[in-house]
Amino acid sequence: MQVSSLNEVKIYSLSCGKSLPEWLSDRKKRALQKKDVDVRRRIELIQDFEMPTVCTTIKVSKDGQYILATGTYKPRVRCYDTYQLSLKFERCLDSEVVTFEILSDDYSKIVFLHNDRYIEFHSQSGFYYKTRIPKFGRDFSYHYPSCDLYFVGASSEVYRLNLEQGRYLNPLQTDAAENNVCDINSVHGLFATGTIEGRVECWDPRTRNRVGLLDCALNSVTADSEINSLPTISALKFNGALTMAVGTSTGQVLLYDLRSDKPLLVKDHQYGLPIKSVHFQDSLDLILSADSRIIKMWNKNSGKIFTSLEPEHDLNDVCLYPNSGMLLTANETPKMGIYYIPVLGPAPRWCSFLDNLTEELEENPESTVYDDYKFVTKKDLENLGLTHLIGSPFLRAYMHGFFMDIRLYHKVKLMVNPFAYEEYRKDKIRQKIEETRAQRVQLKKLPKVNKELALKLIEEEEEKQKSAWKKKVKSLPNILTDDRFKVMFENPDFQVDEESEEFRLLNPLVSKISEKRKKKLRLLEQQELREKEEEEEPEGRPSDAESSESSDDEKAWVEEVRKQRRLLQQEEKVKRQERLKEDQQTVLKPQFYEIKAGEEFRSFKDSATKQKLMNKTLEDRLKIEAKNGTLSVSDTTVGSKQLTFTLKRSEQQKKQQEAEKLHRQERKRLRRSAGHLKSRHRRGRSFH
């Protein structure tokens, strides 16, 4: 997907990328998608949306479900179902199609105008009928109220074919030698035809009389325009009841109000190419006019340019998908163009995912880089002597300059600048000198904080690089270059204290290495001072000194370890003595503890006895519990032992049980007294 932007309007090209040939197998297509990035990233919105050689015309059905396109070679028509995103059918024709019209809401009724004067009718099942007109046709329109087809072409007459009666009617006689285009207003049925003399004749189909004449050739000439030939009418389009847009062969678009013979607005494409098609975009009050090179979108009230679209290949026809921001183009290439402009409207219902896709692309913008092109200004072109190429395909206008092929730019620069070889030679010599300087001993720029740690990390990095060159091991990232640890070498609060106990315990064997690093630090500081004073390169230290130091390190290693251990032991003895002195000086005082509410105080003897019991074996504990009556051991029928434990009750539980026992006895006594009273009452009643 290619994205272009002009006047902050994003245009997404959905048909760019490589197209795979039809004869390739599925396996080879999958292999190509894995290898080629362009094939993998392309978006194939509609499958096989292309023609064998060239596409001439393209239209959308009224219901929006079908897209029909004609092309060559061989002459054919293809119908694409947007709901299935694939080709529905393809029909080959006898001759090339000049233009066609869809009479029904779907593809069931189509009329084709061929370049050999034949008119061909197709139904849903295929070819239906063919007839012929007297002269070569260039355009036709369908009048729905009367079922008449109006054909214009290389004749002064406008031929009428009535589809209800199935016969030709009397033609309309115009004042022009030939007619190029025609259109019928959908509101009031006015028929208009554009002539080769640059006029537009308007006819009333009800009376078959001419009701108006507009001289567009005279009105298209302005003070800024340069015209070498007589403008002819090449495009015609109605919008509403009163607005009409006319395109000329010299690249002008005239906007008319039918109540006036003067144009409201004249827009020049500045290319001098005939206007191929004109479309109205009502939601933003825009007009889309296209010639074979560019599609321009401009405001119909002010004429201000909204945006423009310049495809790679020449255009034959343009179709605006209804009620959306999608644009379909027929090009001089096998592939048909699909462009999506979100500003014009939403994506069609059958490809609504385009809205989400474009929103994601807008959230993560990517910078556009042109590797094969060189951007040059007008001043650069004057220096190179290429001002005569302005307006040619070699230069593509962009903003305040032009894009040109990088190969052409290098060739011209070599021809214009004869001293280019000398500059190249000097650059090569400079590069060689810098390479030799890089081989010398270079100063290491150390940070202000934690210099020894930084030097240690640099040495470790050098050793890793040497081992990576030998073993081909992947190197890990360095702390010095990591932004997360940048503060450690800038803030003095992070300075490592080498005299602290923690550092000495973690690094007991680094004293000799640290002395060696300190020597290196002193050398580096001296070299920096010399460089500041003399601004000369320092010389490296001989390798013999390093080898001798390494041998000394190996010999004194054990002694250094022993020394470090002795120092640590002495420090521990000193600390113990200090603790003992502090303990002797301190006076012990009794401490009082508060018992929580709801708990009983137990003597320390209980805890002592419990501790003694816990220290004894399980056998001894069982014997003691058996004596106290909290354990009973019995044999079962199976032969195993059975243990029964009775837990000791606390004082509070005993009191609670005694209270419950007294309560039960009191209730029994009350029940007995109540029983005696009832029996006495019964005896008294029987006596009476």
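1. How many bridges join β4 to strand β5? There are 6, and the two strands, of which β5 covers residues 76-81, run antiparallel. Strands here are DSSP runs (E, at least two residues), numbered from the N terminus, and two strands pair if DSSP finds at least two bridges between them. T70 stands opposite V77 in β5.

2. The model is predicted: local features need pLDDT of at least 70 and side-chain atom pairs count only at pLDDT 80 or more, whereas totals for chains, interfaces and linings use all residues. Residues are numbered from 1 along each chain as its sequence is written, and side-chain values use heavy atoms, without hydrogens and water.

3. An open sheet of 4 strands has the order β3-β4-β5-β6, with antiparallel pairing. Its edge strands, β3 and β6 (86-92), each pair on one side only.

4. I294 lies in the loop between β24 (286-290) and β25 (295-299). The residue counts as buried (under 20% relative accessible area; exposed is over 50%, partly exposed in between, with a 1.4 Å probe and protein chains only) because its value is 6%. Its contacts (heavy atoms within 4.5 Å), not counting residues up to four places away in sequence, include H269, Y271 and L315.
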